Amino acid sequence: MFRNLSDHPNDPIEAMFVRLANDTHADRIDLGIGVFRDDSGTVPVMQAVRQAEARLLERNLSKTYLSPLGNLDYCRSVEALVLGDDHPARAGGRIVSAQTPGAGPALRAAAELVHDLSPGSAVWVSTPVWGHQIEFFEQAGMAVRSYRYYDSGNLDAAGMLEDLRSMRPGDLLLLHGCCHNPTGEDLTLDLWESVAEIVVETGAIPFVDVAYQGFGRGIEDDVAGLRLLASRVPELLLTVSSSKSFGIYRDRAGLLSIILPPEARNAGAVRRKLRDTLRQLYFMAPDHGAAIVHEILSTPELEALWRSELDAVRARIVELRAALRRTIERANPGFDAGFVERQQGMFSCLPISAEEQLLMESRFHIYMLPPARVNVAAMNREQSEVLADAFAWVRAQREVSIRHGSRAGPSRNRRANA
Ligand SMILES: Cc1ncc(COP(=O)(O)O)c(C=O)c1O
């Protein structure tokens, strides 16, 4: 049966991770994978998580099955964290939620559900975007359309709004709640307002993916745009990842929520449909990570500890961004790296082409995902200096090739991955 299976077509992300694994250089730098590292290069486990785990162990937590909707206590806790305690849809019983094995499977399940209910609906994604997001929708059979989002280190707000006016009723509009992956470029509240207006005019359904709450401006500020949008539109889909905000990447906990319009009276039917979809996809999510998150969010002293730890992560990212900007500008006189300091969260993209990215890989052992997405939150001071020097070297090579008439310009890839 498997004898005729040929190698998977070379997916650029997969290919990068294979090259990284094969690179035996002692000082290779992994800026690809989307995790937060401390100065020693360790991916730390939060104290709040360790304490919650100890409490769960002490209480002899059950390991029996749950329904495909997963840990519903986790759902209520995360809904409140993201949407706020007083969101009207919560009080009105208009939210149908499931705990999923992270936001990735939540996106995939949502795509499956939407395609099943509305086969003609397309999903609109930013250019560029976290590449797996495109795959989730394509694999479910949905048409994927793109909207302009980023141009030369800046948000392309005008291009985005113009493109979104072409959405059709029932289309999904995928937005990143904060810390856009891969650009780090977020919408202002005014832009969230404009997006809400276009959604209402076109009849599209916003789908907000919150993967980095607390990594940008703050735990509450990072979801202010989502909350504004949720207060303006009748229907909304939401995915939340607990992987990054709680640092429990491999424990797999996430949320998928459907906010129904005020007049909807069929929350029970929607819940059953969601449950059946999840059962067909993976049967049931693991509970450990979800139980930890609920324990933290329902225990005031643990929640306070978690908030202070997440604030410290954010402060470090802000510091790293400022330092990286200075280091790049020092190594590249006249180059304005202000975008690195201004952008939010883990990622920023260097203005280099795919070929230049490969050159940096082979010469400096620096690994990034397309389109030259750098995980600023995974870097220490020494590594940022190597990156700045490598960037300067690549720019110098570019100058030489321009002089000789062959230019490899900045990448225009629409996908990025983590
Ligand atoms: C925007 C975005 N959504 C979702 C995910 C998936 O997160 P999870 O680990 O919860 O599946 C990621 C992970 O990198 C992401 O960047």
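Predicted model: local features only at pLDDT ≥ 70, side-chain atom pairs only at ≥ 80, totals over all residues.

Reader: Where do Glu295 and Arg55 sit, and how far apart are they in sequence?

Author: Glu295 is in helix 11 and Arg55 is in helix 2, so the bridge ties together parts that are 240 residues apart in sequence.

Reader: And Glu295, buried or exposed?

Author: Glu295 is buried, because its relative accessibility is 5%, under the 20% limit. Arg55 has 31% and counts as partly exposed.

Reader: OK, what about helix 11 as a whole, how many of its residues are buried?

Author: 8 of its 10 residues are buried, so helix 11 (residues 288-297) is largely enclosed by the rest of the structure. The buried ones are Gly289, Ala290, Ala291, Ile292, Val293, Glu295, Ile296 and Leu297.

Reader: What covers those buried residues of helix 11?

Author: The cover includes helix 2 (47-58), helix 3 (72-83), strand 2 (95-100) and helix 12 (300-331).

Reader: Back to charges. How many salt bridges are there?

Author: The count comes to 26. One of the pairs is Arg19 with Glu361, whose side chains meet at 2.4 Å, N to O. That pair links distant parts of the chain: Arg19 belongs to helix 1 (residues 12-22) and Glu361 to helix 14 (residues 354-364), 342 residues apart.

Reader: Glu361, buried or exposed?

Author: Buried: Glu361 has a relative accessible area of 5%.

Reader: Switching to the surface. Which residues form the negative patch?

Author: Asp27, Glu382, Glu385 and Asp389 make up that patch. Asp389 is in helix 15 (residues 381-403), and at 45% relative accessibility this residue counts as partly exposed.

Reader: And what forms the nonpolar patch on the surface?

Author: Met1, Phe2 and Leu5, with about 480 Å² of accessible area together. Leu5 is in the segment before helix 1 and is exposed, at 68% relative accessible area.

Reader: Now the backbone. Which peptide bonds are cis?

Author: Two to look at. The bond from Thr127 to Pro128 is cis, with omega near 0°, and Pro128 sits in the loop between strand 3 (122-127) and strand 4 (129-130). A cis bond also joins Asn181 and Pro182, with omega about 20°. Pro182 is in the loop between strand 8 (172-176) and helix 8 (189-202).

Reader: Where is Asn60, and what is its phi?

Author: Asn60 is in the loop between helix 2 and helix 3. Its phi is near 55°, a positive value in a residue other than glycine. Asn60 is exposed, with a relative accessible area of 67%.

Reader: How about Ala372, buried or exposed?

Author: Buried, at 0% relative accessibility. Ala372 has a positive phi of about 50° although it is not a glycine, and its place is the loop between strand 13 (366-367) and strand 14 (373-375).

Reader: One last spot. What is Leu260 in contact with?

Author: Leaving aside neighbours within four places in sequence, Leu260 contacts Arg94, Val96, Pro234, Asn266, Ala267 and Val270. Leu260 is in the loop between strand 11 (254-259) and helix 10 (267-282), and is buried with a relative accessible area of 7%.

Reader: And how are Leu260 and Val233 placed, C-alpha to C-alpha?

Author: Their C-alpha atoms are separated by 9.9 Å, while the two residues are 27 residues apart along the chain.

Technical notes. Residues numbered from 1 in each chain as written. Heavy atoms only, no water. Patch = residues over 30% accessible without salt bridge, like charges linked within 9 Å, V, L, I, M, F, W, Y side chains within 5 Å. Areas by Shrake-Rupley, 256 points an atom, 1.4 Å probe, with all protein chains shown as cover. Salt bridge = Lys/Arg side-chain N within 4 Å of Asp/Glu carboxyl O. Lys, Arg positive; Asp, Glu negative; His and termini not counted. Charge placed at Lys NZ, Arg CZ, Asp CG, Glu CD. Helix = DSSP H or I, 4+ residues; strand = E, 2+ residues; numbered from the N terminus. Buried < 20%, exposed > 50% of the residue type's maximum accessible area, 1.4 Å probe, protein only. Contact = heavy atoms within 4.5 Å.
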